[in-house]
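Hi everyone, thanks for making time today. I'd like to walk you through a structure, so let me put it up on the screen and then we can go through it together.

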Amino acid sequence: MSAVTPRTPAFGERIAGFARVLVSPRGAVFLLLIVLLVAITLLNPSFADPSQFIRFIQRVAPVAIVAIGQYFVIVGGEFDLSMGSVVTAQVVIAGNLIGQDDAKALPVLAFMLAFGAFIGLVNGLIVSFLKVPSFIVTLGMMLALLGATLYWTGGAATGNPADSFRQIGRGGIRDIPVIDILPWSVVILAVLLALAVWFARRPFGRMIIALGDNATTARYSGARTWWVKTSTFVISSLSATVAGVLLVGYAGVHPSVGRGYEFTAITAVVLGGVVLGGGRGWVVAAAAGAFALEALFTLLNFAGVPSTYRDAVQGAIIILAVAYAATTVRARRRGRALEAPAAEPRPAEPPSAEPPSDTTPATEPAPETSPVPTAKEPDPSPDPARPAPIPSTQRADNETKGGS
């Protein structure tokens with residue numbers, strides 16, 4: 001028996017498939033990013049310089065890391081609005097606990113990671129066991145952390161960590177040809193993105209997507225849904241902690257340094273084609289959404305658009321991206337429904353191949369059927385004591401109610 005060789009798609013089919021990916025919600029963010037980078041280069045040719053471009057990546061790295069953490073929460077069907085306050089709290093912790101003592105850098109860094117994991121654990125457990133919507137839980141955590149930070153600092157910039165700690169976000173590998181320096185933040189972003197892609201392909205990462213797609217099915221499959229959901233909040237808080245460590249390097253210690261990061265992360269994730277409500281998304285596209293968003297703000301800055309329009313542009317992006325994703329998903333489902341083959345009719349049974357019997361002639365007429373019985377006529381001389389019989393009639397509701 002010869003094996004069937006799969007047909008290799010033609011060049012035109014490959015181009016058409018690639019074009020469909022680019023216009024899909026997951027691939028459109030890469031096309032948008034390319035267009036924005038080209039537009040920025042036309043307005044400011046020095047942006048294309050390798051050293052300037054690597055600085056752009058360094059500036060976007062904290063936002064992209066926060067977007068990676070927000071991706072796992074959203075694709076799992078929840079929200080995390082406390083990420084900005086976690087970033088602020090971690091920056092203040094680093095600035096006030098480390099000071100100028102280099103020996104405190106590693107212990108404080110370990111404390112920051114533990115504190116971030118604790119915040120995510122609290123958010124996840126409340127959402128999982130108390131059944132409080134994640135929007136309310138993380139909003140309350142955001143306000144609580146912000147209030148505690150303002151109380152600690154008095155609303156002013158306080159603390160200044162040692163230079164060795166600030167080098168994590170400010171320094172890098174120097175004396176590299178062409179780009180001159182490879183910032184540590186770029187290296188950390190690349191490592192975390194690779195780990196996120198690997199984790200998303202693991203069974204636990206796929207279970208997060210399954211939980212966001214259909215929580216009931218995930219529960220019946222034997223998954224510990226409370227732990228899966230809680231882990232997404234832990235990942236989110238840890239990513240905000242890493243972003244806070246990087247921001248200490250060049251943003252300074254101020255209680256407003258992380259304000260708005262939660263909405264920026266949500267905007268980046270939505271721009272990357274991740275469906276709100278969970279079940280669909282790609283972590284690489286979420287990180288690309290952060291770059292596209294920052295590229296858009298850079299383009300508006302070079303074009304002379306006031307920075308006060310930034311929030312309005314961000315809100316419009318959220319609405320348009322969600323509407324585009326919803327429209328595309330509905331169109332895809334409708335197309336699949338139209339392409340589904342109709343139910344094939346049952347083939348007619350072939351005529352019997354047996355020859356007619358010798359005892360029955362081929363032209364034997366059909367047997368006569370008995371005549372339909374007629375209603376019995378009443379007795380012409382009925383007994384006056386007995387009522388006349390009522391002729392039986394067929395129930396009129398047999399056809400509508402399924403028979404008597």
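**A walk through the model**

You'll find threonine 149 in helix 6, which covers residues 134-153. What does threonine 149 contact, once we leave aside its neighbours within four places in sequence? The answer is Thr88, Ala89, Val92 and Pro255.

Before we go on, please keep in mind that this is a predicted model. The protein chain has 15 helices and two strands. Of its 404 residues, 37% are buried. And if you take the contacts in the chain with a separation of 6 or more, 76% of them are between residues 24 or more positions apart.

Leucine 81 gives us another buried residue, with a relative accessible area of 4%. This one is in a loop, the one between helix 3 and helix 4. Leaving out neighbours within four places in sequence, leucine 81 is in contact with Phe135, Thr138, Leu139, Met142, Glu262, Phe263 and Ile266. Look at serine 134 as well: along the chain, serine 134 and leucine 81 are 53 residues apart, yet their C-alpha atoms are separated by 8.5 Å.

Now let's turn to helix 7, residues 163-170. Which residues of helix 7 are buried? They are Phe165, Arg166 and Gly169. If you look down the axis of helix 7, these buried residues fall within an arc of 95 degrees, so they line one face of the helix. And what covers them? The cover includes helix 3 (50-75), helix 4 (83-97), helix 5 (105-129) and helix 11 (225-250).

Let's stay with helix 11 for a moment. As a reminder, two packed helices are described by the angle between their axes and the distance between the axes. For helix 7 and helix 11, the axes come within 6 Å and cross at roughly 105 degrees. That makes the two helices roughly perpendicular. On the helix 7 side, the residues are Phe165, Arg166, Ile168, Gly169 and Arg170, and they meet Val245, Leu246, Val248, Gly249 and Tyr250 of helix 11. Sorted by class, this contact has six nonpolar, two polar and two charged residues.

Helix 9 brings Phe204, Met207, Ile208 and Leu211 to the contact, and helix 11 brings Thr225, Trp227, Val228, Lys229, Ser231 and Thr232. By class, that gives six nonpolar, three polar and one charged.

On to the aromatics. How many aromatic pairs does the structure hold? There are eleven. Take phenylalanine 111 and phenylalanine 115: their ring centres are 6.3 Å apart and their planes are at 25 degrees, so the pair is stacked, as planes under 30 degrees apart count as stacked. The two are four residues apart in helix 5, which means about one helical turn separates them.

Last stop: the strands. Strand 1, residues 172-176, contains aspartate 175. Its phi is near 60 degrees, a positive value in a residue other than glycine. Aspartate 175 is exposed, at 72% relative accessible area. Strand 2, residues 180-183, contains aspartate 180. Aspartate 180 is not a glycine either, and has a positive phi of about 70 degrees. With a relative accessible area of 45%, aspartate 180 is partly exposed.

Technical notes. Residues numbered from 1 in each chain as written. Predicted model: local features only at pLDDT ≥ 70, side-chain atom pairs only at ≥ 80, totals over all residues. Heavy atoms only, no water. Buried < 20%, exposed > 50% of the residue type's maximum accessible area, 1.4 Å probe, protein only. Arc of directions from axis to C-beta. Contact = heavy atoms within 4.5 Å. Nonpolar A, V, L, I, M, F, W, Y, C, P; charged D, E, K, R; others polar. Phe/Tyr/Trp six-rings, centres within 6.5 Å; stacked < 30°, edge-to-face > 60°. Axes fitted to C-alpha atoms, helices over the stretch in contact; angles between N-to-C directions. Parallel < 35°, antiparallel > 145°, perpendicular 65-115°, else oblique.
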